[in-house]
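Here's a quick tour of charged pairs, a charged patch and a couple of contact spots. Have a look at the structure, then read on.

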Amino acid sequence: MEHLIDIVLLGLLMITGFAIVRMKSLLAVAMLTSIYSLLSASLFVVLDAVDVALTEAAIGAGISTILMLATVALTRDEEKAPRHTPLLPLAVVTVTGAALIYGTLDMPHYGDPAAPVHQHAASAYLHDTPGEIGVPNVVTSVLASYRGYDTLGEVTVIFTAGAGVLALLGYRTRRRNIQGPGIRKLVVLRVIAKLFFPLILLFALYVLFHGDYGPGGGFQAGVIFATGFILYALAFGLGNAQRVIHHPLLRIMAAVGVLIYAAVGIEGILLGGKFLEYGVLADDPVTGQHLGIMLIELGVGITVAAVMLIIYYGFVSRQD
Amino acid sequence: MTELLGHYNYWIVIILMMTGFYIVIARPNLVKKVIGLFIFQTSVFILFISMAKIEGGTAPIIEEGLSVYSNPLPHVLILTAIVVSLATTALGLALVVRIQEAYGTSNEDDIHVQDEED
């Protein structure tokens with residue numbers, strides 16, 4: 001059954017991919033990209049990667065689509081036909097694809113437990129996590145504790161992207177409430193948005209603090225938190241959303257999150273451990289791990305949420 | 001069944017990868033190019049997650065009575081890669097918006113023509 005779902009989902013992904021190539025209307029392409037992301041999120045659930053699925057659904061199908069739609073609104077919707085014949089690109093793609101498929105023939109079979117990728121580090125993480133970290137979700141323990149340096153780097157990348165979009169698009173405060181003319185008439189949407197707004201924020205907090213025990217964590221929570229405000233801004237206009245959460249506050253919060261993360265690392269040094277060693281944060285190493293993971297996930301969540309909103313505000317405040 | 005599937009996942013991933021690659025090199029519209037890049041990125045995610053799957057395994061959340069878990073390491077790598085992919089997509093789209101404002105078009109061919117006129 002699992003294999004059947006896998007085959008069908010991959011087939012649908014392929015069809016969506018080809019449709020994206022063929023479509024000329026960029027609005028339709030943006031929506032198809034959202035479907036593509038949602039399909040791959042479903043595939044990740046089948047492949048046991050629940051944390052990844054949650055992230056892909058929130059980011060790929062949610063925020064990416066909104067950014068693409070915002071860009072399409074700022075550019076022209078129709079795609080012009082290319083001037084060159086597509087023969088050369090087609091040849092390049094075919095040759096590259098054939099070479100890659102030849103390369104896969106040496107790979108271990110799908111689902112093979114003896115594949116080299118499952119030896120060494122991965123089995124050690126699975127074996128040591130209950131005793132050393134004490135959290136059931138191994139993805140969280142690897143992300144936040146064993147490979148905490150990497151994650152600090154990722155958070156800095158997110159922060160840099162926010163700074164980059166801010167530098168490129170700037171930010172214009174608008175007196176006028178930027179909103180599509182038709183939205184004001186959609187009473188159902190406005191009522192539902194108002195009802196869902198607190199629930200989305202609550203769910204984000206659940207995903208943040210339950211990330212040790214179930215799928216979730218700072219990245220997903222930050223994105224879901226930002227989605228709540230984006231939904232609010234879509235239904236009630238950017239001006240109203242800015243009154244709820246100010247742009248200068250977002251810029252400060254984006255930095256605060258990274259600083260919380262780094263501060264937890266430095267606190268470890270001050271208490272006599274290594275950078276990002278959580279065991280020394282409390283008397284009992286496992287309690288220290290819990291505390292450290294909680295704090296850095298909080299930092300990740302704050303930065304991700306703030307940067308997502310900075311990016312969204314940047315794109316939407318560009319609309320005339 | 002596994003033998004029959006063998007490399008099915010990897011082959012579809014490569015087809016998706018090449019679909020994205022084709023859009024990037026063959027389509028002149030810049031928004032579409034960013035979307036092509038996005039498709040390419042997502043196909044790489046599927047490649048990694050397919051490799052992490054273990055036959056008969058379950059999600060890597062330790063639970064009494066379960067012994068086979070899928071590999072958590074690629075999950076971690078891809079989780080953060082998805083967030084970074086959004087960062088790159090957002091920056092790419094922001095550049096497209098600025099190019100649109102500067103040239104009045106987001107079509108690569110038209111931009112080249114304008115550049116040659118100057």
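## A bridge within chain B

Lys33(B) and Glu108(B) form a salt bridge, with 3.6 Å between their closest N and O atoms (the term covers a side-chain nitrogen of Lys or Arg within 4 Å of a carboxyl oxygen of Asp or Glu). The pair ties together distant parts of the chain, 75 residues apart: Lys33(B) sits in helix H3 of chain B and Glu108(B) in helix H5 of chain B. Helices here are DSSP runs of H or I with at least four residues, numbered from the N terminus.

Lys33(B) is buried at 15% relative accessible area, while Glu108(B), at 28%, is partly exposed. Buried means under 20%, exposed over 50%, and partly exposed in between, using a 1.4 Å probe and protein chains only.

This is a predicted model, in which local features need pLDDT of at least 70 and side-chain atom pairs pLDDT 80 or more, while totals for chains, interfaces and linings use all residues; side-chain values use heavy atoms, without hydrogens or water. Residues are numbered from 1 along each chain as its sequence is written, with chains lettered from A and ligands numbered from 1 in the order written.

Over all chains, the whole structure has five salt bridges. One of them pairs Asp48(A) with Lys53(B) at 3.1 Å, N to O. Asp48(A) is in the loop between helices H2 (26–46) and H3 (50–74) of chain A, and Lys53(B) in the loop between helices H3 (30–52) and H4 (72–103) of chain B, so this pair joins two chains. Both Asp48(A) and Lys53(B) are buried.

Arg98(B) and Glu101(B) also meet in a salt bridge, at 3.7 Å. They're three residues apart in helix H4 of chain B, which means about one helical turn between them. Through shared partners, salt bridges join Arg318(A), Arg98(B) and Glu101(B) into one network.

Ser141(A), in helix H6 (residues 138–146) of chain A, is buried at 0% relative accessibility. Leaving out residues up to four places away in sequence, Ser141(A) touches Thr129(A), Ile133(A), Val135(A) and Tyr146(A); a contact is heavy atoms within 4.5 Å.

Val286(A) belongs to helix H12 (residues 285–316) of chain A and is partly exposed at 25%. Val286(A) and Gly131(A) are 155 residues apart along the chain, yet their C-alpha atoms are separated by 8.1 Å.
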